[in-house]
Amino acid sequence: MSTLLYKIGKTAFRKPGYFIIGWVIILGIVISMISINGVHISSEMKIEGTESQKVLDQLAKELPAASGGQGSVVFKAPDNERLDTPERTAAIMKGVSEVYGLDKVINPVDYAAAQANSSGASADAAQAMNMAQSATASPPPYGPFMVNNVPVPGLLISSDGSTALFQFQFTIEQSAITQDVFDSVIQSVMKVEQGTQIKVLPGETLKSVSIGVGSAEIVGLVIAVIVLLITLGSVVAAGLPLITALLGVAIGVGGAFSISKFVDMPSVTSVLALMVGLAVGIDYALFIVNRQRRMIIDQRLSAQEATARAIGTSGSAVFFAGLTVIIALCGMLVIGLTFLSTMALVAAATVLINVFVALTLLPALLGLVGERICSKKARAKATNSSEASSHGVANRWVKFVIKHRWATVIAIILVLGFAATPITKMEMGIPGASSANLDTDARQSYDAISKGFGEGFNGPLILVAEPRNASAKMTPELMGGLAMELQGQNNVAQVSPLGMTEDLAIFSLIPKTGPNDQLTKTLVNDLRSADSNMAKTYDVKLGVTGLTAVNIDMSAKLAQVFPIYVGIIILLSLIILLLVFRSIIVPIKATIGFLLSILATFGMTTAVFQWGWLHSLFGFDTGGPLLSFMPIIVTGILYGLAMDYQVFLVSSMRESYVHGHRGTESVIHGYNQVSRVVVAAAVIMVSVFAGFIFTDDVMIKQIGFTLAVGILIDAFIIRMALVPAIMAMFGDKAWSLPKWLDRILPNLDVEGEKLIASLNAQNDEVKPISDSKS
């Protein structure tokens with residue numbers, strides 16, 4: 001591997017034009033495809049195989065209109081005023097009528113007529129509707145919005161007349177609704193505000209789908225540039241990692257956008273690829289450029305020879321580090337969820353592109369820069385300070401850790417264990433309007449609905465009842481009886497029939513509790529139970545769907561597959577680390593260290609985003625559930641990135657061991673060689689991820705925070721402290737390998753030992769250049 005990469009590096013340095021033009025052509029193809037196909041993103045997060053999705057699929061087949069998504073809008077009067085004045089009533093009715101007249105929105109009058117005239121509908125459906133409506137035992141603190149003593153379909157008004165709730169249904173599933181449909185609805189209802197002093201608040205389900213990237217991310221890049229300048233010491237050297245990372249991300253994310261017309265692309269996918277691509281792209285290039293400059297300064301090699309050797313040695317570490325990230329991401333494919341697989345593949349492809357860019361384009365750019373990569377001043381300064389550098393902060397720190405190795409290990413375990421304690425109270429779900437910032441329309445709409453109608457109106461459920469006996473038919477009496485039984489269930493506020501055929505009946509059920517409440521989850525599970533008294537009494541099977549049920553099922557499904565996913569990526573990564581380090585102790589130690597860091601990371605995320613600790617610092621007002629698919633995504637990314645630092649740090653220790661250093665001396669020497677650049681890389685990665693904490697999208701905010709904290713803990717506590725302490729405990733035994741395993745494992749030569757020996761044997765080294773030629 002090292003020899004092959006050495007040849008690639010030398011060729012790219014000698015003939016940079018071919019490699020640069022090649023990558024520019026690839027970028028041009030991506031841009032052309034985007035201009036032809038456009039950018040298409042969606043909010044679809046379909047969970048195949050769940051109960052709610054099965055019901056949606058059934059409705060889409062038998063009653064397509066009933067499988068549609070739900071929308072809601074709140075109309076709010078000024079303080080101490082009412083909405084049901086003639087002028088305001090007329091304005092509201094105009095807005096409602098416009099919405100009902102839109103394409104992809106169900107008009108209740110037309111739908112009822114279609115149901116009555118359809119061949120599959122019961123002739124007595126109207127009777128069933130009336131029986132079901134009479135199921136409500138006591139009048140609720142709200143009622144239908146009346147116009148000329150006639151209730152307006154889908155429109156409720158609170159008892160004090162200050163708030164009206166308009167709920168309607170689309171003809172297509174929520175995930176399939178395009179942005180122009182949402183925009184049409186919002187434009188129609190916003191007209192109600194004109195001259196009426198009515199506040200119109202579109203609900204969470206009408207929220208715009210956006211890519212989720214703003215100016216806050218630029219701050220992370222600025223910090224990255226500053227760190228690069230400090231670490232590499234020149235504008236030219238600092239600019240190369242940034243250029244290659246941006247190109248890699250442009251091709252990776254741009255490539256995803258270019259095919260988004262043909263593949264469903266969740267909006268968070270591009271942000272995830274951008275986060276990971278920028279972080280690893282900068283880090284990989286930084287490691288190679290730093291190694292090249294060290295060889296020029298310390299070994300007095302020419303820029304060409306130093307570049308080729310840096311690609312052959314550090315490039316090997318970059319390759320296997322990138323491979324670990326890719327494997328961790330691709331492990332999501334076994335979960336079998338389409339939207340997660342799309343995210344994983346796009347992020348993994350972006351990482352792969354950044355690896356190739358670092359191994360081919362970077363040496364080509366170094367070829368253009370030539371000897372200017374190190375100025376005379378930098379060489380002279382490095383020469384004069386080489387003796388003192390061995391007694392720097394890193395050297396003192398690693399010697400302190402090694403001297404107090406047992407205390408260090410125990411302290412880290414106690415601190416991270418304490419930080420992980422909130423994980424026992426972690427609640428998973430989909431952050432929504434209930435945890436949105438107080439000044440947003442979605443949150444104000446949620447609060448207004450909760451106050452005027454009950455929190456459950458923010459998350460209505462759709463129920464489908466069908467006879468268990470295939471020969472039995474749905475009757476008006478059965479539908480009415482079911483409605484009365486449903487109304488009597490615990491935690492049920494309102495039951496409304498939506499339609500009926502000979503084979504099934506459909507209801508809308510409003511819980512008393514909100515979408516993320518544990519009692520709502522219990523209600524969904526109780527309704528689905530085949531052993532419930534209701535199911536047995538009426539001999540029916542009840543299916544539950546709707547956005548709330550979909551989110552509940554998503555969280556349960558992801559919690560179920562999470563342990564399997566973790567087991568797969570750990571197993572695969574252990575194999576890679578075994579091949580790279582030819583050691584059993586090192587891969588096991590790396591995995592244990594990661595588990596400590598990931599538990600502490602999730603504990604801190606729970607305390608901040610669920611309990612609301614330091615919420616004002618991170619730009620949100622209210623705590624809420626953690627994003628249900630966040631643990632899987634973050635675990636995959638953090639495991640891959642943590643192994644990056646593991647590979648770079650421990651491969652340097654192994655290189656020191658291979659070249660004659662023994663015991664703690666190899667740990668100290670290897671640590672001193674790369675600790676500065678590992679710290680710089682970690683600061684860059686944390687800065688890039690932290691930039692996403694201050695976006696408006698709470699999902700992106702949570703992912704950015706978790707990744708930033710995870711890298712901070714893993715790089716500075718696990719790799720910079722725990723790793724040298726444990727390596728010192730084992731000493732040379734850390735590199736031991738059973739003889740039988742040593743014989744069958746291939747030698748990947750990540751440290752470049754065979755490469756350097758071959759170059760020395762062939763006497764192919766370029767003579768040291770003089771400072772006068774630099």
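## A charge over a ring

The charged end of Arg662 sits over the ring of Tyr657, at 4.3 Å from the ring centre. This model is predicted.

## Aromatic pairs

Across the whole structure, a search finds 18 aromatic pairs. Take Phe453 and Phe457: their ring centres are 5.9 Å apart and their planes meet at 55 degrees, so this pair is tilted. Phe453 and Phe457 are both buried.

Ring pairs also build a cluster. Its members are Tyr100, Phe166, Phe168, Phe170 and Phe182.

Strand E9 covers residues 505–511. Seven of its seven residues are buried, so E9 is largely enclosed by the rest of the structure. In a regular strand, side chains alternate between the two faces of the sheet. In E9, Ala505, Phe507, Leu509 and Pro511 point one way. Ile506, Ser508 and Ile510 point the other way.

Which strands pair with E9? Strand E7 (residues 461–467) is joined to E9 by five bridges, and the two run antiparallel. Here Ile462 stands opposite Ser508. Strand E8 (residues 492–500) is joined to E9 by seven bridges, again antiparallel. Met500 has Ala505 of E9 as its bridge partner. E8 and E9 form a hairpin, with four residues between them.

## Salt bridges

Side chains of opposite charge can pair when their charged atoms come close. A search of the whole structure finds eleven salt bridges. One of them joins Glu98 and Lys191, with the closest N and O atoms 3.3 Å apart. This pair links distant parts of the chain, 93 residues apart. Glu98 lies in helix H4 (residues 86–100), while Lys191 lies in the loop between helix H7 (179–190) and strand E5 (199–202). Glu98 is partly exposed, at 25% relative accessible area. Lys191 is partly exposed too, at 42%.

Asp447 and Arg443 meet in a salt bridge of 3.1 Å, N to O. They are four residues apart in helix H16 (residues 441–452), so about one helical turn separates them. Asp447 is partly exposed at 34% relative accessibility, but Arg443 is buried at 10%. Lys104 and Asp103 also meet in a salt bridge, 3.2 Å from N to O. Lys104 is partly exposed, at 30%, whereas Asp103 is exposed, at 59%. Elsewhere, Lys10, Glu305 and Arg309 are linked in a network of salt bridges.

## A nonpolar surface patch

Ile21, Ile25, Ile29, Met33, Ile259, Phe262 and Val263 make a nonpolar surface patch of about 640 Å². Met33 lies in helix H2 (residues 16–37). At 31% relative accessibility, Met33 counts as partly exposed.

Methods. Residues are numbered from 1 along each chain as its sequence is written. This is a predicted model: local features need pLDDT of at least 70, side-chain atom pairs count only at pLDDT 80 or more; totals for chains, interfaces and linings use all residues. Side-chain values use heavy atoms; hydrogens and water are left out. Patches are made of residues with over 30% relative accessible area and no salt bridge: like charges are joined within 9 Å, nonpolar side chains (Val, Leu, Ile, Met, Phe, Trp, Tyr) within 5 Å. Accessible areas come from the Shrake-Rupley method with a 1.4 Å probe; for residues, only the protein chains shown count as cover. A salt bridge is a side-chain nitrogen of Lys or Arg within 4 Å of a carboxyl oxygen of Asp or Glu. Buried means under 20% relative accessible area, exposed over 50%, partly exposed in between (1.4 Å probe, protein chains only). Rings of Phe, Tyr and Trp (its six-membered ring) pair if their centres lie within 6.5 Å; planes under 30 degrees apart count as stacked, over 60 as edge-to-face and the rest as tilted. A charge sits over a ring if NZ of Lys or CZ of Arg is within 6 Å of the ring centre and within 35 degrees of the ring normal. Two strands pair if DSSP finds at least two bridges between them.
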